[in-house]
Amino acid sequence: MDTMSLLMQGFAVALTPESIMFAVIGAILGTLIGALPGLGPANGVAILIPLAFSLGLSPTSSLILLTSVYAGAMYGGRISSILLNIPGDEPAMMTCLDGYPMALKGKAAEALAISAIASFIGSLIATIGLVILAPILAKFALKFGPSEYFALFALAFATLGGITGKNQFKTLMAAAIGLMIATIGIDISTGVQRFTYNTLELFEGVDFIIAIVGLFAISELLFFLERHAGDGLKQVAINKLKLTPRDIIRVLPASIRGAVLGFVAGVLPGAGASLGSFISYTLEKKVSDKDGTFGKGDPRGVAAPEAGNNGAASGALVPMLTLGVPGSGTTAVLLAMLISLNISPGPMLFQQNADLVWGVIAAMFIGNLVLLLLNIPMVGIFVKLLSIPPKYLMPVVTLIASVGIYSVSHSPLDLYFMVGFGVLGYIFRKVDIPLVPIILGMLLGPEMEKSLRHALVLSDGDWSVLLNSGLSMGLWTVAVLGLILPVIVGPIVRAKMKRSKEAVKDV
């Protein structure tokens, strides 16, 4: 069956009243979460995963809800960037450079509308790219054997820090911690207990959903309270919208260029939305800034990074769905959701769960349209959330996460684990140890171990089997480059991004 037929089947799934309802709910919740400085899409999805389980949603409904939250949070991140000069998450940082100056000039409504349109264009183009590229990559991945999969997992860990990562050693250390946690429980091959200390609750290992909620959501809540304790945040007032078709046409080329660059950055392992936003803004400044207006409230400086980070967000779903390797922190959380539903992402996903995957992709088209329709007329409602003091808001978010975790297993011990992971995540973030590699180690560790054992069994214990095919050698080569390039190129990119951050503070 060709791609268009499968996509039409996906729309048949996505256009049911239930799917549309969850797409709208996810879009609204995601935008609200994204508008809160610091929370971001990964934390929003992590908070809502237990809720999806406790409501007993089907796999399709759960993924439509969470992918809509993901997309909505990417939209919402621009609100605080433009009105407060505080990025909702790191990819929204570049939006501050021209978004906040536009707001200071009394054009906050125009900046918010342009960013919403650019986000829609970025997501739309990237979703089309996902439709085209994902089936091709999935067919190619069918050639993978256990040796190639082991090399692919090694590649995922090697490129995890990306060229924007601060410290490769800390990234690898965090991945090692995740792999160590993944070994807890009963070895399914030998039946031997590993690090369980005769504790019954550890026989099945550590639930990565609990780890995700703790490391992402609870630690972020602690950080949020530390940074913004007390009153709500004061933002620039929103004027009456005066956006003309000419204004939209003017930013259209910047949005398209940003969307394409962002999608490529999202597909590449270790790149992500932050790099997509950065390179989109940098290229657009070189192409369009003839009069030196960038950084002073140029609408194209708002459109390019917004299209870039939303394009990268959809692009990151390509390796997650086709290879089972997440392209960003949020897709790592979504990967955990799939695994918890006993659905294995990878090349067989498009054959064994075609209705699910194409239904979710079709729902992304619908969700993007919903987000555009919501974010222009209802932006004033989303903005009011910024004025709610965190001392009222944060307990509600914590309650949702805690009730969701408890409702899944009805085990008080899981709540203790959640809090423990939250405190651990808070400490790790204080010393700049990234959290995504820990989650990735927990998610990919069992499959990585299984691939290694399978390869060694087939080769009768010969370790050279890991290098005996051209495909595996290619993956190992890219993995080595993924470790070396950040050391060489990373400081240059981080220096430029640091200057961009300083420019944001100076606005």
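In which helix is Leu 172 found? Leu 172 is found in helix 8 (residues 168–182), helices being DSSP runs (H or I, at least four residues) numbered from the N terminus. The structure is a predicted model, in which local features need pLDDT of at least 70 and side-chain atom pairs count only at pLDDT 80 or more, whereas totals for chains, interfaces and linings use all residues. Residues are numbered from 1 along each chain as its sequence is written, and side-chain values use heavy atoms, with hydrogens and water left out.

Together with Val 480, Leu 483, Ile 484, Val 487 and Ile 488, Leu 172 forms a nonpolar surface patch with about 500 Å² of accessible area (Shrake-Rupley method, 1.4 Å probe; for residues, only the protein chains shown count as cover). Such patches comprise residues with over 30% relative accessible area and no salt bridge, nonpolar side chains (Val, Leu, Ile, Met, Phe, Trp, Tyr) being joined within 5 Å. Helix 21 (residues 470–506) contributes the most, with five residues.

Seven salt bridges were found in the whole structure, each a side-chain nitrogen of Lys or Arg within 4 Å of a carboxyl oxygen of Asp or Glu. In one of these, the side chains of Glu 284 and Arg 257 meet at 2.7 Å, N to O. Glu 284 belongs to helix 11 (residues 272–288) and Arg 257 to helix 10 (residues 245–267), so the pair ties together parts 27 residues apart in sequence.

Terms used: Patches are made of residues with over 30% relative accessible area and no salt bridge: like charges are joined within 9 Å, nonpolar side chains (Val, Leu, Ile, Met, Phe, Trp, Tyr) within 5 Å. Helices (H or I, at least four residues) and strands (E, at least two) are DSSP runs, numbered from the N terminus.
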